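Hi everyone, thanks for making time. I'd like to walk you through one structure this morning, so let's bring it up on the screen.

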Amino acid sequence: MDLVKLNIDGKNIEVPKGITIHKAAKSIGIDIPVLCYMELKDLNIENKPGGCRICVVEVEGRRNLAPSCSTNVEEGMVIKTSSLRAMNARRTVLELILSDHPKDCLICAKSGNCDLQDMAIRLGVRKIPGQEFAEMSTYRLDTSPSIIRDMDKCILCRRCETMCNDFQTVGALSAVNRGFQAVIAPAFEMNLEHSSCTYCGQCVAVCPTGALTEVDHTPDVISTLNDPTKTVIVQTAPAVRAALGEEFGLAPGTLVTGKMVNALRRLGFNYVFDTDFAADLTIMEEGTEMLNRLTKFLNGDKDVKLPILTSCCPAWVNFFEHQFPEMQDIPSTARSPQQMFGSIAKTYFADKIGVKREDLVVVSIMPCLAKKYECQREEFSVDGNPDVDFSISTRELAHFIKEANINFMELENEDFDKPMGESSGAAVIFGTTGGVIEAATRTAYEIYTKKELPKIDFEELRGLDGIREATIDIDGFDLKIGIAHGLGNARKLLEDIKAGKSHYHAIEIMACPGGCIGGGGQPLHHGDSKILKARAKAIYKEDANKPIRKSHENPYILELYKEFLGEPMSEKAHHLLHTHYFDKSKKKFQI
Amino acid sequence: MSKYKMHLLVCGGTGCRASASDAIVENLKKELNNQGLDESVQVIMTGCFGFCEKGPIVKVVPDNTFYTEVKPSDAKDLVEEHIIKGRKVERLLYKDPVKKVTVSDEEGMSFYKKQLRIALRNCGFINPENIEEYIARDGYMAIGQILSENTPEEVIEIIKASGLRGRGGAGFPTGLKWQLTRQTKSDQKYVVCNADEGDPGAFMDRSILEGDPHSVLEAMAICGYSIGADTGLIYIRAEYPLAISRLLTAIGQAREFGLLGKNILGSGFDFDIELKYGAGAFVCGEETALIHSMEGKRGEPSLKPPFPSVEGYLKKPTNVNNVETLANIPAIILKGHKWFSSIGTEKSKGTKVFALAGKINNVGLIEVPMGTTLREVIYEIGGGIKDGKKFKAVQTGGPSGGCLTEAHLDVPIDYENLLAAGSMMGSGGMIIMDEDNCMVSIAKYFLDFSVEESCGKCSPCRIGNKRLYELLDRITQGKAEFDDLARLKNLSEVIKDTSLCGLGQSSPNPVLSTLQYFREEYEAHIIDHKCPAGECKALMVYSILEEHCVGCTACARACPVGAISGERKLVHSIDQSICIKCGACFDKCKFDAVLVQ
């Protein structure tokens with residue numbers, strides 16, 4: 001490795017060639033503040049527009065200050081990170097940014113979680129010169145089913161653009177207009193709802209300010225819980241339990257399943273259930289569908305659609321409806337676990353407890369913002385009554401718990417209610433990339449071979465690489481599996497399928513980095529991918545600790561089929577647990 | 001040209017065409033036809049002559065009579081008097097405002113005397129839509145020469161030795177730029193001509209493209225040969241329709257003549273050129289922004305390195321040169337680097353084209369050797385200040401240049417001197433201000449442009465320029481406080497110090513230079529609430545002189561807001577709290593009773 005000698009703040013150092021001044025300084029404990037810069041190392045995501053100019057430093061011999069986040073070190077450089085000139089510039093630039101930013105921090109959704117607020121605290125800004133006559137750039141508030149855009153708070157860091165365009169290849173958000181009116185918006189400044197947005201929420205997850213936030217459904221949930229005529233049940237997605245603790249100061253990767261159940265019960269939910277139950281159900285349906293397609297394929301059926309693609313990620317569903325409408329018949333028709341849960345809750349379970357459909361309210365706790373949109377899809381309702389009434393994010397749940405005076409840290413562990421709270425380890429791993437396909441493989445293997453799996457853990461399907469593949473030997477048949485997380489990675493696999501070059505039998509796709517653990521509704525990771533890794537580890541730990549680790553062994557699932565659904569893929573199952581897709585590519589260009 | 005005995009050169013630049021030079025050509029042709037002279041006298045529409053103040057221009061060759069401010073209706077006189085009877089049409093000749101004499105040719109005109117035309121050598125001489133006229137003036141001889149005699153390295157050495165520097169503003173040595181692009185190994189390289197001229201009032205590049213498009217095409221081919229590129233792209237703003245149409249014609253003709261395309265002049269060298277259109281964003285003149293725009297992306301700059309010479313258009317090595325820079329290239333090849341480097345100053349060689357504008361008698365396009373003083377440009381070529389007013393300042397370098405004062409008039413113009421004086425060469429805008437110009441308003445005007453044209457990518461430029469503008473606006477409104485001057489200075493310096501690209505790094509120059517040279521004018525606005533130049537409306541006070549007022553009520557009737565009261569035949573008065581300072585009372589009063597302070 002080539003080394004470069006330079007001097008930072010009086011210290012002579014030797015660092016690898018090609019790294020930035022910011023990283024070189026960091027290596028010797030000098031923490032130059034950055035604002036627009038963002039790096040998700042393990043996911044190869046870097047946002048480096050060099051736009052905010054907060055990180056400027058003085059480089060001897062250079063006419064102007066250098067942005068340390070995007071200027072590489074050079075031999076012999078003499079750098080001052082905290083000279084009067086650099087500090088004055090940094091403060092002045094921050095004052096400028098603040099001069100065009102609303103000062104409603106007290107009531108901002110991002111208060112306490114805002115990078116700009118942190119910067120103002122760090123630099124000790126007490127006054128913004130000329131604020132009283134400074135014009136502010138203002139924009140129309142845009143509310144979609146999942147995401148609110150309040151561009152008055154946008155600081156043009158371009159992180160959302162990097163996520164939306166480079167990582168997700170969705171292209172819903174980009175910079176428009178110029179100068180003081182420059183802002184991030186969908187094309188022609190149309191509403192997000194009319195753009196190709198998938199509601200993956202990654203823009204929200206990386207937004208340093210309150211410019212992009214989720215639509216908060218907590219107030220709706222609170223009023224429902226206080227309505228004596230309603231029976232309110234709640235389902236919690238697998239990834240929530242691995243991240244909720246972070247909102248209460250616990251280390252990333254701390255599992256809080258039992259505390260979460262207790263808290264939900266205290267909040268007043270009549271039944272605390274688990275989306276994992278529905279995840280097991282998903283495996284029964286999707287796994288059966290996969291086996292059916294594979295069997296047809298092995299029997300020489302040329303028309304069978306392979307590979308089969310998973311369909312539990314709502315942002316991914318939105319993505320292919322917008323971007324690959326001609327491939328609607330390739331994904332599994334299985335509904336997502338959230339929707340399977342709602343559908344079964346409002347039929348099977350409602351009957352069981354003798355509550356009318358309209359008096360049963362289903363709330364979901366999701367790591368996801370696209371789930372908010374998904375539960376509002378027309379096809380997931382009966383006579384205008386949705387299968388899932390409200391979906392709130394992990395972050396919203398944390399706020400709700402705090403608002404309800406619950407001391408989360410001191411809660412005893414409690415168990416989910418039966419029957420829809422019981423799940424296998426296979427369902428838990430739905431929360432991380434590779435988990436769904438691993439769960440499906442566990443079941444498919446045993447159903448197909450009628451033999452017990454020699455080893456339950458498929459390590460080869462795990463990890464954080466954007467695109468992974470593995471070949472699983474199923475009794476002599478090589479099942480070729482592809483996994484992608486991030487829609488940009490998904491696009492690559494889809495292009496291959498389109499071109500007839502795909503050699504996979506089954507592909508799992510998750511829209512968010514790391515899968516649901518990195519979902520747009522999770523506690524903000526602020527670009528630290530160690531947090532994602534810790535959450536994934538927690539998920540696999542929960543799986544390993546479960547007595548039942550295969551979906552088809554969940555006794556309550558078996559009972560559900562026996563009592564209500566019949567067989568997987570039966571007509572009733574089809575009606576309640578499967579869906580169809582739409583071509584949304586033509587929905588564009590509405591303003 | 002031999003068939004004709006006489007040629008009538010009519011300016012076909014955008015300015016003269018706007019003053020009906022098309023109709024002049026048409027009428028001249030009609031008249032010649034009527035007189036049976038269409039076989040012996042040819043009417044040619046040329047590029048810009050530069051003397052736009054007196055356009056449209058018609059020049060008669062071979063006697064070199066230079067007619068100014070010609071109208072279509074003058075065609076009859078020109079043909080009957082000048083061509084048939086051999087008598088010059090006196091009323092259309094140029095009258096020297098200083099010497100009060102009539103001058104019939106360019107040589108006698110002070111506007112042209114001190115000029116040296118290299119980049120503009122063919123503008124006003126040839127029909128830009130006829131490749132043969134370009135060839136007749138040694139066009140495409142330079143490319144022929146290097147293809148047969150020089151290696152690419154030798155060509156680069158010639159350009160380096162000539163001392164030519166980028167005319168787009170930054171003054172980077174052209175030969176070195178070529179060398180850097182040549183050094184980068186790649187299967188594909190590009191030559192880009194930056195024709196995204198955007199300074200307010202500047203039209204150097206447009207005039208060259210309209211008047212001599214082939215010189216640019218030839219230079220691009222020479223550059224392509226030198227750096228190892230087979231493709232040239234001209235990034236031109238779509239608001240230059242005439243330049244675009246002439247370029248397209250020229251490219252078509254050059255292909256027909258085998259001077260563009262495959263195997264040029266049998267040398268085995270392939271080179272072709274296409275146009276890319278810009279939507280008219282000033283920042284797209286910055287080379288990385290220009291490249292992004294050509295790629296179909298948002299036109300905003302990115303950090304250098306990587307420089308375009310390493311990673312440019314479509315991530316391939318790209319050499320970006322400005323129009324004027326390129327127009328110099330064929331002349332350097334043909335006349336030699338020694339000839340070129342003998343012109344100019346120690347570090348700035350050759351000539352520079354300027355667009356003279358503002359309060360100057362001879363508004364127009366000029367080309368002078370580097371080292372010419374501002375005084376020569378303003379007083380000799382420019383003919384001095386309009387209406388005998390006093391010179392106050394000259395702004396060079398476009399919206400991001402600085403304002404220089406009387407003390408700088410004898411500064412020889414070159415890159416270093418202008419920078420040292422607090423301004424810059426820029427692409428060649430030169431705006432002259434007189435005593436009636438308020439320097440705070442001037443700075444505000446340029447800031448307004450920078451606010452509009454900032455791409456918004458980096459915060460100091462996006463927000464800082466807006467704040468600077470607001471501060472200046474408050475000063476011109478008389479609402480500023482003394483501390484605001486220090487804020488103005490600090491903000492300007494930080495914007496320069498922290499902005500991402502040249503736009504923000506130079507946009508505060510008009511503020512800093514006026515603050516340095518005209519500080520007392522700023523102070524007058526802030527402390528005395530007065531605008532010494534009388535330009536800032538908000539600071540004017542209209543009052544009625546009791547001893548002059550006869551009580552005619554004309555002012556009260558003219559006042560649109562009812563600020564003036566008074567009985568008939570009695571002295572009137574103006575309520576300052578209502579007055580909007582429109583000046584209607586002042587205009588109406590026949591008794592000089594309205595006082596403006």
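Let's start with a pair of helices in chain B. From α18(B), the residues B:P460, B:C461, B:G464, B:N465, B:R467, B:L468, B:L471, B:R474 and B:I475 meet a set in α19(B), namely B:D484, B:R487, B:L488, B:L491, B:S492, B:V494, B:I495 and B:T498. Sorted by class, that contact holds nine nonpolar, four polar and four charged residues. Do keep in mind that this is a predicted model.

How do the two helices lie? The axes of α18(B) and α19(B) come within 10 Å and cross at roughly 155 degrees. An angle over 145 counts as roughly antiparallel, and therefore α18(B) and α19(B) are roughly antiparallel to each other. As for handedness, α18(B) passes α19(B) in a left-handed crossing.

Now, on to the interface between the chains. Here 30 residues of chain B are in contact with 29 residues of chain A. On the chain B side, the elements giving two or more residues are α17 (439–453), α18 (459–476) and α19 (483–498). Which of them gives the most? That would be α18(B), with 10 residues. By class, this side of chain B has 11 nonpolar, seven polar and 12 charged residues.

Last stop, over in chain A: helix α4, residues 159–167. This helix is mostly covered, with seven of its nine residues buried. Those buried in α4(A) are A:R159, A:C160, A:E161, A:T162, A:M163, A:C164 and A:F167. And just after α4(A), have a look at A:T169, which takes a positive phi of about 50 degrees.

Thanks, and I'm happy to go back to any of these views.

Definitions and conventions. Residues are numbered from 1 along each chain as its sequence is written. Chains are lettered from A and ligands numbered from 1 in the order in which they are written. This is a predicted model: local features need pLDDT of at least 70, side-chain atom pairs count only at pLDDT 80 or more; totals for chains, interfaces and linings use all residues. Two residues are in contact if their C-beta atoms, placed from the backbone, lie within 7 Å. Helices (H or I, at least four residues) and strands (E, at least two) are DSSP runs, numbered from the N terminus. Ala, Val, Leu, Ile, Met, Phe, Trp, Tyr, Cys and Pro count as nonpolar, Asp, Glu, Lys and Arg as charged, and the others, Gly among them, as polar. A residue is buried if 20 or more other C-beta atoms lie within 10 Å of its own, exposed if 12 or fewer, and partly exposed in between; C-beta atoms are placed from the backbone. Axes are lines fitted to C-alpha atoms, for helices over the stretch in contact, and angles run from 0 to 180 degrees between N-to-C directions. Angles under 35 degrees count as roughly parallel, over 145 as roughly antiparallel, 65 to 115 as roughly perpendicular and the rest as oblique. A crossing is left-handed if the near helix is turned anticlockwise from the far one by less than a right angle, and right-handed if clockwise.
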